[in-house]
Amino acid sequence: MMATLALLCQRKNLWKTLKIVVAVVLLTVLVILLKTQTAGYRFKPGEQVESESLSGDDASWIPHLCPHYRRRRQRPQPLQWEPPSNYTIYFTQTSCRDVLTVREACAVESASLHHPHRPILVFLTAPDPDRDQPLLKMILGLGNVRLAWLDLDQVFDDEKLREWHQDRQWMFSEGRTFAEVSDAVRAEMLRRFGGTFVDLDAITLRSLPSSNNWLGRLDSALVNTAISSFVPGHPVLQSVVDNIPSSFDPYGCCSIGPNLFTRILHQECPKNVTIPSSADPDQAERCHDVTIFPSSYFYPIHYGYERDQLESIFREGEGLGPAFLSKTRAFSLHLFNSLSSKRKVSLSGDSVLKEVAERNCPKVFLMLRERNMVL
């Protein structure tokens with residue numbers, strides 16, 4: 001009798017153990033499924049995805065970066081990923097819009113106008129743009145401009161940033177997600193492909209420097225990459241990309257943009273690239289084969305709030321536009337869209353923005369005038 005009871009107890013304990021094991025296995029499977037759904041598909045090491053086989057419907061990052069994006073019912077020609085070359089001038093729009101704003105179209109046309117023999121690529125995170133938008137149709141009519149899909153899985157395919165991207169680290173930067181993605185994208189694309197990167201809020205005023213490996217001072221404290229040009233595989237870009245995962249701060253501004261570039265250049269050349277700058281404001285700085293142009297080249301009007309700074313781009317009735325164009329030697333005018341997007345100017349005034357647009361993006365300007373729109 002006692003032996004029978006002992007055997008029954010053993011069987012009960014075994015049954016309890018089996019139930020616990022099954023429960024743990026089911027819980028583990030559930031956790032894995034939840035991670036897969038929230039983090040998106042993760043590429044296996046060495047796995048390659050052909051760009052032709054991947055569409056916007058398949059990209060796991062789109063619901064995270066672009067939760068409000070909806071593809072069109074009729075898509076005769078969705079955009080494809082197309083890597084730039086070292087000779088390409090390219091823009092990236094990471095805001096998931098399927099159209100260009102007026103100022104973005106002006107930035108693209110101005111680059112095309114001053115570089116008619118160079119290919120211009122405009123990368124959009126929205127794979128299905130509204131090709132019927134008048135501004136976009138006009139831009140696509142420029143002979144050297146094409147649209148391409150900014151497929152983040154392709155951009156961040158190399159090992160250093162693949163995990164950072166697949167874990168969606170950029171999602172934690174509330175309110176600055178688009179800007180953080182843009183900073184990482186430009187660093188990685190310049191590292192892998194080279195070429196000339198131009199921000200979509202920078203209007204080109206003349207042909208950009210023909211040399212390679214350059215960027216510009218934003219002010220005495222920061223070096224910026226809003227307009228920059230490098231050869232593929234440059235060591236400075238490699239250092240920047242290597243440091244993005246550890247330097248990324250989702251709670252602060254510019255941690256993997258100007259802050260990181262400035263720190264890397266200072267570490268490489270502490271005597272030549274000082275913080276703050278000790279160089280003559282009108283002279284370029286050098287760090288090995290990298291040229292850092294003075295702020296007057298690409299950021300001739302500072303983003304600050306003084307009367308002669310950012311506000312002066314939009315003021316009318318003071319003759320500021322003609323005066324700016326008569327004396328500037330800048331290659332571009334940066335509008336600092338995050339600070340100025342709500343400021344509008346008329347096409348009949350004399351603001352800096354109006355005068356610059358009329359001269360450097362004449363087709364956009366004419367379209368706005370014909371439609372009685374503001375800039």
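How many disulfides does a search of the whole structure find? The search finds 3. The model is a predicted one.

Start with Cys 106 and Cys 361. A disulfide joins them, with an S to S distance of 2.0 Å. Cys 106 sits in helix α3, residues 102-114, while Cys 361 sits in the loop between α13 (352-360) and α14 (362-370), so the bond ties together parts that are 255 residues apart in sequence. The link is left-handed, with -80 degrees about the S-S bond. Both Cys 106 and Cys 361 are buried.

Now turn to Cys 269 and Cys 287. Their sulfurs are joined in a disulfide, S to S 2.1 Å. The pair links distant parts of the chain, 18 residues apart. Cys 269 is in the loop between α9 and β8, and Cys 287 is in strand β8 itself. Here the torsion about the S-S bond is about 80 degrees, so this disulfide is right-handed. Are these two cysteines buried or exposed? Cys 269 has a relative accessible area of 7%, so Cys 269 is buried. Cys 287, at 1% relative accessibility, also counts as buried.

The remaining disulfide joins Cys 253 to Cys 254, with S to S 2.2 Å. Burial is under 20% relative accessible area. Cys 254 is at 17%, so Cys 254 counts as buried. Cys 253 is at 45%, so Cys 253 counts as partly exposed.

Next comes helix α9, which spans residues 258-268. Which of its residues are buried? They are Pro 258, Leu 260, Phe 261, Thr 262, Ile 264 and Leu 265. An α-helix has 3.6 residues a turn, so residues three or four places apart point the same way. The buried residues of α9 pack against both helices and strands. The helices are α7 (177-193) and α8 (235-247). The strands are β6 (214-217), β7 (223-230), β8 (285-287) and β9 (290-293).

The crossing is right-handed. On the α8 side, the contact is made by Val 236, Leu 237, Ser 239, Val 240, Asn 243, Ile 244 and Ser 247. On the α9 side, Leu 260, Phe 261, Arg 263, Ile 264 and Leu 265 take part. Sorted by class, the contact has 8 nonpolar, 3 polar and 1 charged residues. Several of the α9 contact residues are also on the buried list, including Leu 260, Phe 261, Ile 264 and Leu 265.

Finally, go back to helix α3, where His 114 is found. At 22% relative accessibility, His 114 counts as partly exposed. The cut-off for buried is under 20%. What does His 114 touch, leaving aside residues up to four places away in sequence? Its contacts are Thr 204, Leu 205, Arg 206, Ser 207 and Asn 360. Take Leu 205 as one of them. His 114 and Leu 205 are 91 residues apart in sequence, yet 7.6 Å apart in space, C-alpha to C-alpha.

Note on methods:
Residues numbered from 1 in each chain as written. Predicted model: local features only at pLDDT ≥ 70, side-chain atom pairs only at ≥ 80, totals over all residues. Heavy atoms only, no water. Buried < 20%, exposed > 50% of the residue type's maximum accessible area, 1.4 Å probe, protein only. Helix = DSSP H or I, 4+ residues; strand = E, 2+ residues; numbered from the N terminus. Contact = heavy atoms within 4.5 Å. Disulfide = S-S within 2.5 Å. Left-handed = near helix turned anticlockwise from the far one by under 90°. Nonpolar A, V, L, I, M, F, W, Y, C, P; charged D, E, K, R; others polar.
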